[in-house]
Amino acid sequence: MKTIDISIKIGYCQPDELSEKEQHLVQTAIMATEHSYSPYSHFAVGAALLLENGNEVMGANQENAAYPSGLCAERSAIFAAQSQWPDQAITTLAIAARTGGGLVREPIVPCGACRQVILEIEARYKRPVRILLHGTEGVYVIDTIKDLLPLQFTGDSMQ
Ligand code: THU
């Protein structure tokens with residue numbers, strides 16, 4: 001059997017190595033964790049998007065007693081941005097999370113459903129979404145969702 005080797009790239013840095021705009025976006029994601037409604041998991045996630053026009057859009061996870069009715073922070077932010085500024089590409093997404101003990105040490109990564117939605121954004125605007133994952137020890141920097149979803153199902157897959 002042959003194999004297909006796929007290489008992915010994940011950067012790791014301290015916040016002060018990011019551009020000022022990106023540092024601000026990470027701070028917005030941290031602030032967004034305060035808007036989380038997570039009485040069931042007690043896991044507060046914040047997301048912040050930077051749009052092509054320079055606007056930032058926040059999202060936070062919103063839970064529900066009927067668990068699947070809730071929504072992750074990333075999709076809350078993306079769907080809000082898409083509803084308000086459908087013509088604006090999303091250039092960057094920052095994510096932060098906190099537990100009862102404070103902000104997470106190791107960055108969290110988007111769940112599978114959010115990865116698929118971010119992929120759709122890249123396809124829609126024909127440009128990559130840069131992803132900044134905050135942890136107190138450092139920030140993971142990912143240039144495209146394709147690095148988190150190496151084999152992709154898109155509209156093109158149905159051609
Ligand atoms: N959650 C997010 O908001 N984003 C992620 O990337 C992972 C998980 C939320 C969903 C749920 O409200 C809580 O975190 C626990 O899974």
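Q: How many aromatic pairs does the structure hold?
A: Keep in mind that we're looking at a predicted model here. A pair of aromatic rings is described by the distance of the centres and the angle of the planes. Going by that kind of description, the number of aromatic pairs in the structure is two.

Q: Is the pair of Tyr40 and Tyr67 stacked, edge-to-face or tilted?
A: The ring centres of Tyr40 and Tyr67 sit 5.6 Å from each other, with 45° between the planes. Stacked needs planes under 30 degrees apart and edge-to-face needs over 60, so the rest count as tilted. That makes the pair of Tyr40 and Tyr67 tilted.

Q: How many residues apart are Tyr40 and Tyr67 in the chain?
A: Tyr40 belongs to the loop between helix 1 (20-32) and strand 2 (44-51). Tyr67 belongs to the loop between strand 3 (56-60) and helix 2 (73-84). The pair therefore links distant parts of the chain, and the separation between Tyr40 and Tyr67 is 27 residues.

Q: Is Cys114 buried or exposed?
A: Cys114 sits in helix 3, and leaving out residues up to four places away in sequence, Cys114 touches Cys72, Glu74 and Arg75. Buried means under 20% relative accessible area. At 0% relative accessibility, Cys114 is therefore buried.

Q: What does Cys111 contact, leaving aside its neighbours within four places in sequence?
A: You'll find Cys111 in the loop between strand 5 (102-103) and helix 3 (112-125). Cys111 has 32% relative accessibility, so Cys111 counts as partly exposed. Leaving aside those neighbours, the contacts of Cys111 are Cys72 and Arg75.

Q: Which residue has a polar side-chain atom 2.5 Å from an oxygen atom of the ligand?
A: The residues around the ligand include Glu63, Ala73 and Glu74. Ala73 uses a polar backbone atom, 2.9 Å from a ligand oxygen. Glu74 uses an N or O atom in the side chain, but at 2.6 Å from a ligand oxygen. The residue with a polar side-chain atom at 2.5 Å is Glu63.

Q: How far apart are the C-alpha atoms of Phe43 and Val117?
A: Phe43, one of the residues around the ligand, lies in the loop between helix 1 and strand 2. Phe43 and Val117 are 74 residues apart along the chain. The separation of their C-alpha atoms is 21 Å.

Q: Is His134 buried or exposed?
A: His134 has its place in strand 6 (residues 130-135). Leaving aside neighbours within four places in sequence, His134 is in contact with residues including Val26, Ile30 and Leu103. The relative accessible area of His134 is 9%, so His134 is buried.

Terms used. Residues numbered from 1 in each chain as written. Predicted model: local features only at pLDDT ≥ 70, side-chain atom pairs only at ≥ 80, totals over all residues. Heavy atoms only, no water. Phe/Tyr/Trp six-rings, centres within 6.5 Å; stacked < 30°, edge-to-face > 60°. Helix = DSSP H or I, 4+ residues; strand = E, 2+ residues; numbered from the N terminus. Buried < 20%, exposed > 50% of the residue type's maximum accessible area, 1.4 Å probe, protein only. Contact = heavy atoms within 4.5 Å. Near = heavy atom within 4 Å. Polar contact = N/O pair within 3.5 Å; in protein donor to acceptor, adjacent residues only side chain to side chain.
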